[in-house]
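Here are my notes on the model you sent over, point by point. Have the structure open beside you as you read.

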Amino acid sequence: MNNEEMVSVIDVLLCYLTENNRIHKNDDVYLMGLGYGAHLAATLLVSMADAYPNLKGTLLINGFLEIDADIQKTCEEWINSYTNVPNDVPEVHLAHYYVMSMIQEKTTLLLDKDWLEKKVEMNPIKIEGRLFILKGMLESRSIKKKFADIQTPIYAIHSLHNYIVKSSHAEEIVNIKTPQIEPESTNNINSTLDPKLSKFGQKASENLPPSPSKQKETRKLFYYLGGHDIIDVRLNFEFG
């Protein structure tokens with residue numbers, strides 16, 4: 001399941017939350033994603049931004065617009081490592097990630113058992129699920145050529161000691177320009193996702209006044225001295 005297909009699942013989830021009054025029609029909506037989740041949030045913007053009239057901002061942490069050689073190599077290494085691992089030991093992935101992070105940060109810390117237990121409890125994805133996500137990442141389509149046109153405010157945070165995503169990806173997110181090529185070539189996604197068919201977009205836009213003109217584009221980049229596990233750190237952050 002590639003990035004486009006995953007985004008269609010997110011759309012169904014947002015529709016469900018709306019129908020069950022967890023998200024109300026007039027609520028402001030913000031997206032946040034970490035790593036591949038940031039890539040999915042960016043794909044959602046590219047594929048369906050016009051269908052979300054109350055989408056006010058997006059926070060992308062260690063995000064990227066396409067799978068480069070380094071991300072591909074990491075995914076392939078993980079797939080090879082986990083293929084023969086029993087499905088009911090999700091801590092294998094987290095332990096492997098922890099060790100690689102320590103190597104990247106050039107520390108000699110031993111594996112923190114408490115950290116590992118906490119992460120398994122917070123993120124109990126089994127090995128089978130990890131492999132499913134990793135294989136989907138390798139099939140993801142680039143969104144670079146359409147991302148420059150997004151008008152929703154975008155804030156990118158990049159942690160300087162993560163070994164998975166290079167800082168150049170964050171810089172690209174905030175600085176990418178619309179390519180000077182023929183109009184028929186600008187869509188780098190042969191997407192089956194039609195903003196008009198967005199279930200959540202239709203629900204959210206019901207009974208709303210016509211959408212105002214697109215807001216002025218805002219993109220900002222922040223750096224954090226830490227690893228990919230930045231989600232465990234409390235950051236004071238506000239849109240605006």
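Is Tyr155 buried or exposed? Tyr155 counts as buried, at 3% relative accessibility, where buried means under 20% relative accessible area, exposed means over 50% and partly exposed is in between (1.4 Å probe, protein chains only).

1. A word on what we are looking at. This is a predicted model, in which local features need pLDDT of at least 70 and side-chain atom pairs count only at pLDDT 80 or more, while totals for chains, interfaces and linings use all residues. Residues are numbered from 1 along each chain as its sequence is written, and side-chain values use heavy atoms, with hydrogens and water left out.

2. The overall layout. The protein has nine helices and four strands, and from the N terminus on the elements run α-β-α-β-α-α-α-α-α-β-α-α-β. Helices (H or I, at least four residues) and strands (E, at least two) are DSSP runs, numbered from the N terminus. Of the 240 residues, 42% count as buried. Among contacts (heavy atoms within 4.5 Å) with a separation of 6 or more, 87% are between residues 24 or more positions apart.

3. Back to Tyr155, which has a ring partner. The structure holds one aromatic pair: the ring centres of Tyr155 and Phe222 are 6.4 Å apart and the planes meet at 20°, so the pair is stacked. The rule is that rings of Phe, Tyr and Trp (its six-membered ring) pair if their centres lie within 6.5 Å; planes under 30 degrees apart count as stacked, over 60 as edge-to-face and the rest as tilted. Tyr155 sits in strand E3 and Phe222 in strand E4 (residues 219-224), so the pair ties together parts that are 67 residues apart in sequence. Phe222 counts as partly exposed, at 36% relative accessibility.

4. The largest nonpolar core. A nonpolar core is a set of buried Ala, Val, Leu, Ile, Met, Phe, Trp, Tyr and Cys residues joined through side-chain atoms within 4.5 Å. The largest one has 27 residues, of which Leu45, Tyr52, Leu60, Leu65, Phe147, Ile154 and Ile173 touch the most other members. Two or more residues each come from helix H1 (3-19), strand E1 (29-34), helix H2 (36-48), strand E2 (55-61), strand E3 (154-159) and helix H8 (167-175). H2 gives the largest share, seven residues.

5. Leaving out residues up to four places away in sequence, Phe147 touches Ala42, Leu45, Val46, Leu60, Leu65, Ile154, Ile173, Ile176 and Arg219.

6. Met137 is worth a click. Met137 is found in helix H6 (residues 127-138) and counts as buried, at 10% relative accessibility. Which residues does Met137 touch, not counting residues up to four places away in sequence? The list is Tyr36, Phe64, Ile67, Ile71 and Cys75. Met137 and Ile67 are 70 residues apart in sequence, yet 7.6 Å apart in space, C-alpha to C-alpha.

7. Salt bridges. A salt bridge is a side-chain nitrogen of Lys or Arg within 4 Å of a carboxyl oxygen of Asp or Glu, and the count comes to four. In one of them, Glu4 pairs with Arg141, with the closest N and O atoms 3.2 Å apart. Glu4 lies in helix H1 and Arg141 in the loop between H6 and helix H7 (144-147), so the pair ties together parts that are 137 residues apart in sequence. Glu4 counts as buried, at 5% relative accessibility, whereas Arg141 counts as partly exposed, at 33%.

8. Glu66 and Lys144 meet in a salt bridge (3.6 Å, N to O). Glu66 lies in the loop between E2 and helix H3 (69-82) and Lys144 in helix H7, so this pair ties together parts that are 78 residues apart in sequence. Lys166 forms a salt bridge with Asp70, the closest N and O atoms being 2.8 Å apart. Lys166 lies in the loop between E3 and H8 and Asp70 in helix H3, so the parts tied together are 96 residues apart in sequence. Salt bridges that share partners also join Glu66, Lys144 and Glu172 into one network.
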